[in-house]
Amino acid sequence: MDGSHTVQNVYDSLDVHVGQCYSVLITADKKPMDYYMVASTRFMKDIKLATAVIRYTGSNIPPSKILPQAPVGWGWSLNQWRSFRWNLTASAARPNPQGSYHYGQINITRTIKLVNERTMVNGKLRFALNGVSHIDTKTPFKLAEYFNIADKLFKYNVIGDVPPSSSIAAKITPNILTAEFRTFIEIVFENPENIIQSYHLNGYSFFPAGMGRGKWTPASRKTYNLLDTVSRHTIQVYPKSWTAIMLTFDNAGMWNLRSEIWERRYLGQELYMSVTSPARSLRDEYNMPENAFRCGDVLGLPLPQPYINN
């Protein structure tokens with residue numbers, strides 16, 4: 001599961017949310033014949049099906065015409081997610097906090113709560129996080145930051161760590177949050193809508209510590225799995241529910257946090273996390289290659305002072 005070994009369980013059905021991947025083992029211990037494998041949409045009124053055939057060697061018996069039904073409701077799916085556990089005996093721990101098995105013992109230095117929103121801006125459909133619908137600039141954000149012209153193109157932290165009042169109209173602007181290098185941060189995704197959400201964070205794996213119905217509160221931490229949740233890159237948020245993830249921002253760069261539902265990402269449900277190392281050290285981040293393509297407002301600018309070994 002996303003490159004991690006899990007405690008082995010047996011499932012008749014597996015929910016694979018948008019942007020996620022799983023590896024499974026199937027035991028061929030049934031009567032030799034053909035069997036259907038069924039993929040179906042979930043959490044939608046209009047159910048779509050796709051089938052494939054698993055065929056035993058030498059089989060001449062067609063599969064049953066009765067297709068297995070998907071589980072009903074998302075409560076089942078939530079309970080399945082809770083059954084996923086990291087196999088702590090199968091992989092060696094790394095010394096850094098993010099990769100260790102002791103994420104539940106690290107002090108949280110900051111909590112960022114993100115609430116998704118479907119809205120209209122200037123008569124057009126947009127999607128937003130904390131009241132901001134993201135838009136790109138003609139100059140990539142990391143290029144602008146690397147060449148020290150970011151302040152001319154966008155503002156950092158136009159949203160706060162707490163969502164604004166729902167009465168405040170959404171706005172369209174670049175959405176870039178800063179995170180202090182090597183701090184352990186909790187991010188809470190809160191989904192007030194009736195559809196399922198799916199989020200991906202570039203450049204990192206994270207620990208999805210908890211999920212629950214309704215709105216998140218600090219008391220929700222009492223329900224967290226602080227021992228053996230599986231490290232992920234993409235995580236779901238169920239309708240009218242919340243999901244909390246935890247990670248150390250120890251990878252310097254400009255990293256995209258986005259909805260994996262493409263119409264939502266295209267229309268603004270994303271942001272960037274800017275993580276810079278104050279040491280400006282090659283230990284933390286490489287210099288931009290001299291022959292790298294440049295565009296936008298950095299065209300013709302000299303390269304900034306390089307990072308150094310220290």
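The following legends describe close-up views of a predicted model.

**View 1. The largest nonpolar core around I187.** This core comprises 47 residues, of which L114, I187, F189, L247, F249 and L271 touch the most other members. Leaving aside neighbours within four places in sequence, I187 is in contact with I112, L114, T243, A244, I245, L247 and F249. Apart from this core lies another, of 14 residues, including A144, I176, M254 and Y307.

**View 2. Aromatic pair F43 and Y238.** The count of aromatic pairs in the model comes to 16. F43 and Y238 form an edge-to-face pair, with 6.3 Å centre to centre and 75° between the planes. F43 lies in the loop between β1 (34-40) and β2 (49-55), and Y238 in the loop between β11 and β12 (241-248), so the pair ties together parts that are 195 residues apart in sequence. F43 is partly exposed, at 32% relative accessible area, whereas Y238 is buried, at 1%.

**View 3. Aromatic pair Y204 and F249.** The ring centres are 5.1 Å apart and the planes stand at 65°, so the pair is edge-to-face.

**View 4. Charged ends over aromatic rings.** The charged end of R42 sits over the ring of F43, 4.6 Å from the ring centre. For R213, the charged end sits over the ring of W74, 4.3 Å from the centre.

**View 5. Surroundings of S220.** S220 lies in the loop between β10 (207-213) and β11 (234-237). This serine is buried, with a relative accessible area of 9%, and touches K215 and W242, not counting residues up to four places away in sequence.

Methods:
Residues numbered from 1 in each chain as written. Predicted model: local features only at pLDDT ≥ 70, side-chain atom pairs only at ≥ 80, totals over all residues. Heavy atoms only, no water. Core = buried A, V, L, I, M, F, W, Y, C linked by side-chain atoms within 4.5 Å. Buried < 20%, exposed > 50% of the residue type's maximum accessible area, 1.4 Å probe, protein only. Contact = heavy atoms within 4.5 Å. Helix = DSSP H or I, 4+ residues; strand = E, 2+ residues; numbered from the N terminus. Phe/Tyr/Trp six-rings, centres within 6.5 Å; stacked < 30°, edge-to-face > 60°. Lys NZ or Arg CZ within 6 Å of the ring centre and 35° of its normal.
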